[in-house]
Amino acid sequence: MSMLLQAILWCLLLITVMLVCGASIIYMLRKVLGAAHLRIGPNTLGPAGILQLFPDVIKLLTKEDRHPNLSDKGLYCLAPIIVFTPMLVAFAFIPFGSGIVAADVNMGVMMILAFLTLVPLGIFAAGWSSHSKYALIGAVRSVGAAITYEVPLLLSVLPPIMMAGSMNLSDIVLTQANSVWFIVPALPSAIIFFLCAQMETNQAPFDMTEAESELVAGFSTEYSAMRFGFIFLTEFAGNFVMAALAATLFLGGWTLPGVDPHSMGIFAPMVLVIKSYLIIFLFMMIRGNFSRYRVDQMAQLGWKKLIPLTLLWTMVFAIGMRSFQLLSASGALGGIFGLGG
Amino acid sequence: MLSAIVFCLLGFVILISAANCVSSENVIHGAYWLLLCAVAVAGMTWFMGAEYLAVTQLLLYAGAVSVLTIFTVMVTHRSHESACTEVKLSWSALILALAFFALIAYGVIATPELATLTAAHEPIPLAEFGAELFAVDGHAFAFEIASLVLLVALVAAVWWTKDSDLDGERIQKSKRKKAAKEDNHA
């Protein structure tokens with residue numbers, strides 16, 4: 001029974017983390033985009049407008065939960081849950097510190113990415129079942145985008161896995177603590193992962209699914225009240241998941257260079273969160289400074305550039321890593337890094 | 001006890017969703033039942049300790065196959081109504097299904113080791129798993145054959161949606177006929 005209790009507690013904790021992340025990222029987005037656009041952002045309620053979120057939540061909770069007449073009732077109600085659940089599950093695999101991980105599984109990286117592939121299906125369900133042209137166009141774009149970024153995203157996580165010799169995220173973090181951050185040897189992978197993460201989370205310049213100037217709000221046009229709240233929250237929680245995954249795979253996760261990973265203690269989660277928010281800040285600056293891609297441009301970027309590039313780079317990287325290992329094993333390089341499984 | 005409950009629950013979900021996937025008239029609903037079925041199968045394999053298989057199942061069947069199916073449906077169908085196709089029952093399909101069932105059942109019965117097989121308690125290291133998978137006398141061929149699944153899914157999705165306009169018209173015609181009949185009765 002204690003296992004069950006532990007699982008329930010972890011679930012509650014993860015939901016709390018997800019809510020707090022969503023809330024803080026929404027506030028951060030308003031402030032950062034405001035600064036990027038030379039305006040102030042929320043500034044009335046509380047110091048620097050920090051309490052603005054509470055009326056927003058109250059508004060979402062008290063609005064009428066309306067259903068379009070011609071909507072597909074079952075899928076329409078289910079869609080926000082299909083969007084929300086995989087994102088919540090993805091939180092469980094992120095290591096926040098030594099042993100602070102809800103599900104320390106062998107396949108951590110792949111589990112997160114596998115669950116995140118289900119999110120576009122939820123988005124599609126939302127758009128299709130709404131029976132609205134705007135929502136349907138947004139939904140089709142979302143599925144089209146999914147088949148564009150999924151392959152390069154999966155390929156770009158291979159170099160860290162190869163270097164750590166494991167798909168366990170805790171192992172990947174510890175390998176980086178004992179050698180170098182993986183962004184140093186695998187910078188191109190990190191850049192491609194960052195790009196695909198932006199596509200995955202529907203961030204501008206890749207936010208065609210909810211391009212508000214042409215599609216009202218894309219797939220979520222017909223949603224209101226807390227159903228919309230779920231979709232909205234998932235989107236921002238997705239930012240955190242992808243940023244935390246990027247920090248874990250390429251920036252040493254919860255460790256710091258020169259600090260013994262076992263003496264990090266309570267600071268470990270803080271280090272990961274700070275790293276993630278720095279990456280999210282980068283996401284937001286790009287969002288504020290670049291104009292939106294067209295659908296065909298994004299498809300061409302994915303299929304014609306990113307996929308061949310990642311395939312080639314992964315091959316080059318594998319050959320390079322192997323020859324480096326062989327050379328350092330024979331003593332030619334003195335075994336500086338000690339990478340490899 | 002707990003594992004038996006989870007096993008039965010997942011098995012129940014798999015059966016129900018598979019039946020609904022085949023019998024639903026709406027292609028999109030069918031695709032989502034297929035998704036549920038794939039997720040439940042992944043859950044079952046995960047629960048049996050086959051982590052790699054579960055993740056592959058989730059990534060390929062639940063993620064890629066469903067996305068490809070829906071994408072194909074959306075490329076071929078434009079409107080909400082025409083996503084409905086008539087469910088056609090045929091004897092040849094029944095025979096094919098029974099033959100497949102017999103094959104699987106024979107495979108299970110002919111392998112008595114399955115009954116005593118237990119889940120691995122220690123997770124297998126990735127390097128060991130890869131070496132085993134791609135060993136000279138290993139499973140490389142089966143692995144490569146399995147990669148055809150996406151092609152099969154794409155072809156199946158195209159087949160699933162072919163002639164859809166004719167079917168849609170037929171359904172609407174039959175609906176109109178029915179409505180006219182009811183009008184006459186009234």
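Begin by selecting Ile112(A), Ala139(A), Val241(A) and Ala246(A): among the 133 residues that make up the largest nonpolar core, these four touch the most other members. Next, colour helix α11 of chain A, residues 225–250, which contributes 15 residues to this core, the most of any element. The model in view is a predicted one.

**Around Ala139(A)**

Keep Ala139(A) selected and display its contacts. Leaving aside residues up to four places away in sequence, Ala139(A) touches Ile123(A), Phe124(A), Ala126(A), Gly127(A), Trp128(A) and Phe219(A).

**The side of chain A that touches chain B**

Now show both chains and select the residues in contact across them. Chain A supplies 24 residues to these contacts, and chain B supplies 19. On the chain A side, the elements to highlight are α4 (108–116), α5 (119–129) and α6 (133–156), each of which gives two or more residues. Colouring this side of chain A by residue class shows 17 nonpolar and seven polar residues, with no charged ones.

**Two loop residues with positive phi**

Move to the loop between α5 and α6 of chain A and select His131(A), which is found there. The phi angle of His131(A) is near 55 degrees, a positive value in a residue other than glycine.

Then select Leu38(A), located in the loop that lies between α1 (2–36) and α2 (53–62) of chain A. Leu38(A) is likewise not a glycine, and its phi is positive, near 60 degrees. With 6 other C-beta atoms within 10 Å, Leu38(A) is classed as exposed, because the limit for that class is 12 or fewer.

**Chain B**

Finally, hide chain A and display chain B as a cartoon. What secondary structure does chain B contain? Chain B has nine helices and zero strands, so a trace along its sequence reads α-α-α-α-α-α-α-α-α. Colour chain B by burial: 23% of its 186 residues count as buried. To close, draw the contacts within chain B whose separation is 6 or more; of these, 67% join residues 24 or more positions apart.

Conventions. Residues are numbered from 1 along each chain as its sequence is written. Chains are lettered from A and ligands numbered from 1 in the order in which they are written. This is a predicted model: local features need pLDDT of at least 70, side-chain atom pairs count only at pLDDT 80 or more; totals for chains, interfaces and linings use all residues. A nonpolar core is a set of buried Ala, Val, Leu, Ile, Met, Phe, Trp, Tyr and Cys residues joined through C-beta atoms within 7 Å. A residue is buried if 20 or more other C-beta atoms lie within 10 Å of its own, exposed if 12 or fewer, and partly exposed in between; C-beta atoms are placed from the backbone. Helices (H or I, at least four residues) and strands (E, at least two) are DSSP runs, numbered from the N terminus. Two residues are in contact if their C-beta atoms, placed from the backbone, lie within 7 Å. Ala, Val, Leu, Ile, Met, Phe, Trp, Tyr, Cys and Pro count as nonpolar, Asp, Glu, Lys and Arg as charged, and the others, Gly among them, as polar.
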